[in-house]
Amino acid sequence: MNRSSILLAGIAVVASALASCHGDDSNWDTYREWREANNSWLEEQTKRTEEGSTDLYFTRVVPPYDQGSYVLMHWFNDRAQTAGNLKPYSTSTVAVKYIGRFYNGTAFDSSYLQPDSIFKTKVSAVVPGWQIALQNMHVGDSCEVVIPYQSAYGADGYGSMAPYSNLVFHMKLKDIPAWEIP
């Protein structure tokens, strides 16, 4: 291979890399205010304390399989009372009650919209933030979960989910109808 072929191949690689980055730049600029508001809010949540205390409100939960991901979780129930209950694997099917909101409190989805409605899904079929949260819950646990956009729908968004959307869920793990060991 001569020098000009190597140079052309190098230019093609650089051009390809720049072109792929350009797509992200349009979301980066278009959603600047939304992204900045989401990031500021998330930073506030990481520092949020229990009312009348210096204890942090949320626990930062990092999965052992991906040290770069995390969610913030606050359990509403006494975890000692559910500690002996089943805990799902990534291969399990779970039954969950939830309401999802954006950082600003606007609701976007809820299993509470229909009476007696329970959302059933495989743990592995939901966004990474839900996977992390569910695998750290026992049946009967009720939590507030903050999912950073990187563990939700990312910089691209999805459907009505704008890029860079941090999500907040109030979730209750009702059951594990298919508890499958991986």
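**Salt bridges and a nonpolar patch**

Glu-43 is partly exposed, with 45% relative accessible area (buried is under 20%, exposed over 50%, and partly exposed in between, using a 1.4 Å probe and protein chains only). This is a predicted model, where local features need pLDDT of at least 70, side-chain atom pairs count only at pLDDT 80 or more, and totals for chains, interfaces and linings use all residues. Residues are numbered from 1 along each chain as its sequence is written, and side-chain values use heavy atoms, with hydrogens and water left out.

- You'll find two salt bridges in the structure (a side-chain nitrogen of Lys or Arg within 4 Å of a carboxyl oxygen of Asp or Glu).
- Glu-43 pairs up with Lys-47, their closest N and O atoms sitting 3.1 Å apart.
- Both Glu-43 and Lys-47 belong to helix H2, four residues apart, or about one turn (helices are DSSP runs of H or I with at least four residues, strands are runs of E with at least two, and both are numbered from the N terminus).
- Lys-47 counts as exposed, because its relative accessibility is 55%.
- Arg-32 bridges to Glu-36, again with 3.1 Å between the closest N and O atoms.
- Arg-32 and Glu-36 are four residues apart in helix H2 (residues 32-47), so about one helical turn separates them.
- Arg-32 is partly exposed at 48% relative accessibility, and Glu-36 is partly exposed at 36%.

**A nonpolar surface patch**

- Leu-86, Trp-179 and Ile-181 make up a nonpolar patch on the surface, with about 300 Å² of accessible area together (areas come from the Shrake-Rupley method with a 1.4 Å probe, and for residues only the protein chains shown count as cover).
- Patches are made of residues with over 30% relative accessible area and no salt bridge, joining like charges within 9 Å and nonpolar side chains (Val, Leu, Ile, Met, Phe, Trp, Tyr) within 5 Å.
- Trp-179 sits in the segment after strand S7 (167-178), and Trp-179 counts as partly exposed because its relative accessibility is 35%.
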